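Subject: Structure handover and findings

Hello,

Here is the structure for your files. My notes on it follow below.

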Amino acid sequence: MTLITRETAGVFAIAPTPFDEDGAVDFDSLSRLVDFYESVGVAGLTLLGQLGEAPKLAHQESTRIVRHVLERTSLPIVVGVSASGYAAMAALTTEVMDAGAAGVMIAPPNTLRTDDQIVQYYEGAVHMIGDAVPFVIQDYPLSFSVVMTPSVIARIAVAVPNCVMLKHEDWPGLEKISTLRRLEGDGLLPRLSILCGNGGLFLDFEIERGADGAMTGYCFPELLVDIVEATAANRDSAHDLFDAHLPLLRYEQQPVIGLAVRKYIMKRRGLLASDAQRSPRPVLTDTTRAEIDYLLARLSRHDPRVELVK
């Protein structure tokens, strides 16, 4: 079993959970999706995150999805185990780690207000999941309403050594990455792997600021891999390619409908049999779908990997 560490780098694609039109998990599409991710060179996968519609899954469905993916690929798998209570978090963690997961991701509950509360929450989580399980802090204040300063992240990393990675989704957040790397250089923060989210919207500069990669679900993960691998080698070319994808990145990052946009594109790419989400769910209008198709057509003129099915 390969575990994530403080040196883990590259792109960990956040996989959506495929459903059929009746709302059942579509394991055929999930297999196809996993094979695709592996083929484009991602470093790992993340399951049961917000984009995986984890709150809409039964516990048995969650564990079956993880086992299915682990049987399909040798890529390291990070599993979202955030829950309203420690007991559910610990139970899911035990099952997925026993199955071969590389680590787990824990988001803070929106009830936390102070730095002390945040640190104590993660100390309590580790007490329940065990200090041998490497975990990722999910820092996404726009969604969870919990603000983690660089100093509180440093406190967590010092207090619990199995905190090995930060999923950085603060916005604006470029200076935060620089501050974290500066704290690391000053010996005030153990090295953390920093993988960035927000759909990849700022990945070009996040890599330049010291991030190790991305952990997000943009519908063209090939672009994310390119940016992580190519920015240092040829800055202008990397930014040119990123700029070609930026209109679609922006469109996909819209609140509420973002996952619906992503699933629609993945269906157009032949990866998902259906773009269905579990209810409650937004529904894309014909106008929205036409706008997405227009953006895909424009992108195809700059990136030959845009191959679509009807």
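Where does P172 lie? P172 is placed in the loop between strand 6 and helix 7. Please keep in mind that this is a predicted model.

Cis peptide bonds

P172 is joined to W171 by a cis peptide bond, with omega about 0°. The bond from S279 to P280 is also cis, its omega being near 0°. P280 sits in the loop between helix 11 and helix 12 (286–300). As background, most peptide bonds are trans, and most residues other than glycine have a negative phi.

Positive phi

On the phi side, E53 has a positive value near 55° although E53 is not a glycine. E53 belongs to the loop between strand 2 (44–47) and helix 2, and with 3% relative accessibility E53 counts as buried. N198, likewise a residue other than glycine, has a positive phi near 55°. N198 is in the loop between strand 7 and helix 8 and counts as buried at 1% relative accessibility.

Aromatic pairs

The rings were paired with a cut-off of 6.5 Å between centres. By this rule there are seven aromatic pairs. One of them is Y140 with F144, an edge-to-face pair with 6.0 Å centre to centre and 90° between the planes. Y140 has a relative accessible area of 16%, so Y140 is buried; F144, at 14%, is buried as well.

W171 is partly exposed, its relative accessible area being 37%, and F202 is partly exposed at 28%.

There is also an aromatic cluster, made up of Y86, Y121, Y122 and F135.

Helix 10 and helix 11

Helix 10 (residues 235–252) packs with helix 11 (residues 258–268) at an angle of about 130°, and their axes are 8 Å apart. Angles over 145 degrees would count as roughly antiparallel and 65 to 115 as roughly perpendicular, so helix 10 is oblique to helix 11. From helix 10, the residues L248, Y251 and E252 take part in the contact; from helix 11, G258, V261, R262 and I265 do. By type, the residues of this contact are four nonpolar, one polar and two charged.

Two buried residues

D139 is part of strand 5 (residues 135–139). With a relative accessible area of 0%, D139 is buried. Apart from neighbours within four places in sequence, the contacts of D139 include V146, M148, I153 and L166. Also among them are K167, H168, E169, D170 and K176.

T73 is located in the loop between helix 2 (59–72) and strand 3 (77–80). T73 is buried, at 8% relative accessible area. Residues up to four places away in sequence aside, T73 touches V34 and E38. With E38 there is a polar contact between the two side chains, at 2.8 Å.

Regards

How values were computed: Residues are numbered from 1 along each chain as its sequence is written. This is a predicted model: local features need pLDDT of at least 70, side-chain atom pairs count only at pLDDT 80 or more; totals for chains, interfaces and linings use all residues. Side-chain values use heavy atoms; hydrogens and water are left out. Rings of Phe, Tyr and Trp (its six-membered ring) pair if their centres lie within 6.5 Å; planes under 30 degrees apart count as stacked, over 60 as edge-to-face and the rest as tilted. Buried means under 20% relative accessible area, exposed over 50%, partly exposed in between (1.4 Å probe, protein chains only). Axes are lines fitted to C-alpha atoms, for helices over the stretch in contact, and angles run from 0 to 180 degrees between N-to-C directions. Helices (H or I, at least four residues) and strands (E, at least two) are DSSP runs, numbered from the N terminus. Angles under 35 degrees count as roughly parallel, over 145 as roughly antiparallel, 65 to 115 as roughly perpendicular and the rest as oblique. Contact means heavy atoms within 4.5 Å. Ala, Val, Leu, Ile, Met, Phe, Trp, Tyr, Cys and Pro count as nonpolar, Asp, Glu, Lys and Arg as charged, and the others, Gly among them, as polar. A polar contact is a pair of N or O atoms within 3.5 Å; within protein, one must be able to donate a hydrogen and the other to accept it, and residues adjacent in sequence count only if both atoms are side-chain atoms.
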